[in-house]
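Please keep the sequence and the coordinates at hand.

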Amino acid sequence: ELRLALVSLVSLLVKLCGECVAPFLSDVVNILQKTIVDPYPEVKKESCICSSKLAKAIPATFFHQSETLAKPLLFSMTHQHSKVRVACLKAFGTTIQYGSPSPINDALPVLAQKACDPNPSVRSCLCEVVGNWLLDLPDRYSYHPKLVPLLLTCLSDELTDIRQKAHDLWEKVGLKYESENEEDLKNKMDYMKIVETFPGLEFPRPRLGCRVLVYRNFSKVLPAILKDITDWTVNSRIKSSQLLFTFLYHLEDSVTHHIQSVMTGLYRACQDDEPQVVEQAVRCCEVTGFYVPPEVCCRLLLPAVGTSAGCSSPPPSGSMDGGEGERQASGSPAVAVGPVQCTSCLMALAAVVRGARKDQLHLYLQPVSECLAEPEVSQSDHLPLLHQLLCCVTAITAALVGTTSAPCSMRLFSVLLRILASRHVEPLKREIQDSLELLASCQGMQDTLALYQAHAQEILNSVKSGYRSWTTHSPDCGMFASLLAGAGPVIGQLLDDVIPILCFCLSPENEPEMRQKFITLLIQLLIDAPSTVDSQHQFSSFAERVVNEIVIPNTVWRAGRTAAAIRTAALTCLQALLQANLLTSEQLENLIPKLIPQVVSSLDDDNPSTRLVSCKVLQLLLMEKPRALNVELLHSMYCDLLKRLDDSSDEIRMAMTKTLIAYTEAFPKDYDKDLFKAHTEVLFKGLLIHLDDPSQEIQEAVLEVLKRAARVHPQLLLQQVEAVIHKHRTTRYCDELLLVLGETK
């Protein structure tokens, strides 16, 4: 408190004496050097007030001693109390205003930290101090590159009051700059062209003086911004990205002169882990797209996208006329190859397209869509890359509204198909569907099916030439699968191209993963056949080929889990074919001799799913009662059917009882029961064993089978029942069967 009283006394003396304190300036400055760094906060604050009074009282003399106070003021500016920091900032502002401005160079790091200060009063004070320097500092022109960024940083402050204060000060700075440089700016002021302002800005278009100030200092500031935008501290990256946005909308179309350096920094910012940095980087790209001609953006961005994706030859960058755009973007910056780098380039491209003016952009949509349609760009399993690719498609589609560009539409459609082909597409499916609907709408189509109708044949023509060399990861393979999955009834018109490709891809010689992928897809199509493959009622002419070249070869036993899954899928495919009645009677007659042995052999498969589907398929085949299903073929299978009643799965046993019903009903009416008595006897004995099964559900199912089988040879069945009735734990089912047989007799 004593030190505080002494400093207050010195402050009072300075105030009362005014210019008379000049002879004692060195003594007062020496005192303030010590008291400004005093441990007691109140002493610090009073010392800051005293130094401000001293500077104002004797500015001419103070000028030579001012630098000695800068260091202690900067030291105390990092104090933990916000009021102390504010007092030091004000004192430092006054010291520089009335003294030597050279300490500004050393103070910049500390002042930049105050722009990120957690206390709003400190940030507001900084805004005021820097604004006053830019207005009244005698040597302010020399320090414009250092001071302008500090004030513009306050334009993006989180508090509205600080942003408004910064805006008011900045407008005054611009106005004063105009008045001081009226001769230089006369032509611009007299013939100022009306420029559309970037939408979404908080304040109106900056005045001419502000824009010229930014333009003349941007080249000096840009390297520091690009360095800070990749700084290790989050706050620095956020503030630098916000500052870059502020600079860009001040520069307007003048940003073209710096476009290459700006975009290089924005590519890196788009890769940032901090969402706020990425958000600001995207806004920077949007404002760049708004002011920079599309030809320049295409010349710079499209090669960057292609290079980062690993394209062997650069994608088309749009037609140029050798003008300003070509001179300013004659080469793209070096971009590393990889999914992360490609993601950032696509993010920048999407933002530029969103920001661009639609009346200028439509001429360049075709090269942009060609770039996106490159297989190296659109074929990826990196989810962030796919998301940004989708954003690009959405942005281009929105720009297509009101135009009819079939080539663009086809390429964008192919990109969406490739995204759908990715293994990690599930989180994006809703957005992809929205993009397809938007694309259809902007082309004047009623729905997405019309989009498939318009482009499916062209897509097929582009992929079918090389299908014999496809692997699971081939781009065209994925696109073909996506096309089939979404085309719906359009597939029915493309069977001449689709079926040969499917037959080849499902050949046992191809890799199992690809076969499993396509056979699963085929099952989905066959389940809803009237709305897909049979929409034109022409699939039946291909059905026999599908069975011969797809189903039968893939049901042959091969070792491995994938092979087992394919066998199950092949049988499921046959089940779907039969349930949809896609096989004609004549085709079934031809196929039965091949199908029955193959399906019966699958009843003994190690995979329970395969055995279950085999039971169901066999039931469907038997229910058709084709003429080719002769007695010899029927006799060849009953042992395998009875064996399934001993299966470990009750579900399979129940399915087999239904198959046995179909089996017994498949016997012809002229069946010679006496000649084939031995076969019938074995069948009845096997069924009667399971009439005494531990499971009541199985007993009842077998009883139903025996009731239906009685028509084959009722007398023999009666004898067999009477022979085993005393061996059963309960005679209930035998009695019921005897009653039925008695009525039959």
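Axes are lines fitted to C-alpha atoms, for helices over the stretch in contact, and angles run from 0 to 180 degrees between N-to-C directions; helices are DSSP runs (H or I, at least four residues), numbered from the N terminus. The model is predicted, so that local features need pLDDT of at least 70 and side-chain atom pairs count only at pLDDT 80 or more, while totals for chains, interfaces and linings use all residues. Residues are numbered from 1 along each chain as its sequence is written, and side-chain values use heavy atoms, with hydrogens and water left out.

**Exercise 1.** Determine how the axes of helix 9 and helix 12 cross, and which residues make the contact.

Step 1: the axes of helix 9 (residues 144-154) and helix 12 (residues 208-228) come within 9 Å and cross at roughly 105°. Step 2: angles under 35 degrees count as roughly parallel, over 145 as roughly antiparallel, 65 to 115 as roughly perpendicular and the rest as oblique, and the two helices are therefore roughly perpendicular to each other. Step 3: with contact meaning heavy atoms within 4.5 Å, helix 9 contributes His144, Pro145, Pro149 and Leu152, and helix 12 contributes Leu213, Val214, Asn217, Lys220 and Val221.

**Exercise 2.** Classify the pair of Trp470 and Phe480, and state which parts the pair ties together.

Step 1: rings of Phe, Tyr and Trp (its six-membered ring) pair if their centres lie within 6.5 Å, and planes under 30 degrees apart count as stacked, over 60 as edge-to-face and the rest as tilted; the count by this rule comes to 13 aromatic pairs. Step 2: Trp470 and Phe480 are 5.6 Å apart centre to centre with 50° between the planes, which is a tilted pair. Step 3: Trp470 lies in the loop between helix 25 (448-463) and helix 26 (475-487), whereas Phe480 lies in helix 26, so the pair ties together parts that are 10 residues apart in sequence. Step 4: buried means under 20% relative accessible area, exposed over 50% and partly exposed in between (1.4 Å probe, protein chains only); Trp470, at 7% relative accessibility, counts as buried, and Phe480 is buried at 1%.

**Exercise 3.** Describe the surroundings of Thr397, and decide whether this residue is buried or exposed.

Step 1: Thr397 lies in helix 22 (residues 383-400). Step 2: because its relative accessibility is 0%, Thr397 counts as buried. Step 3: leaving aside residues up to four places away in sequence, Thr397 touches Leu412, Leu438, Leu439 and Cys442.
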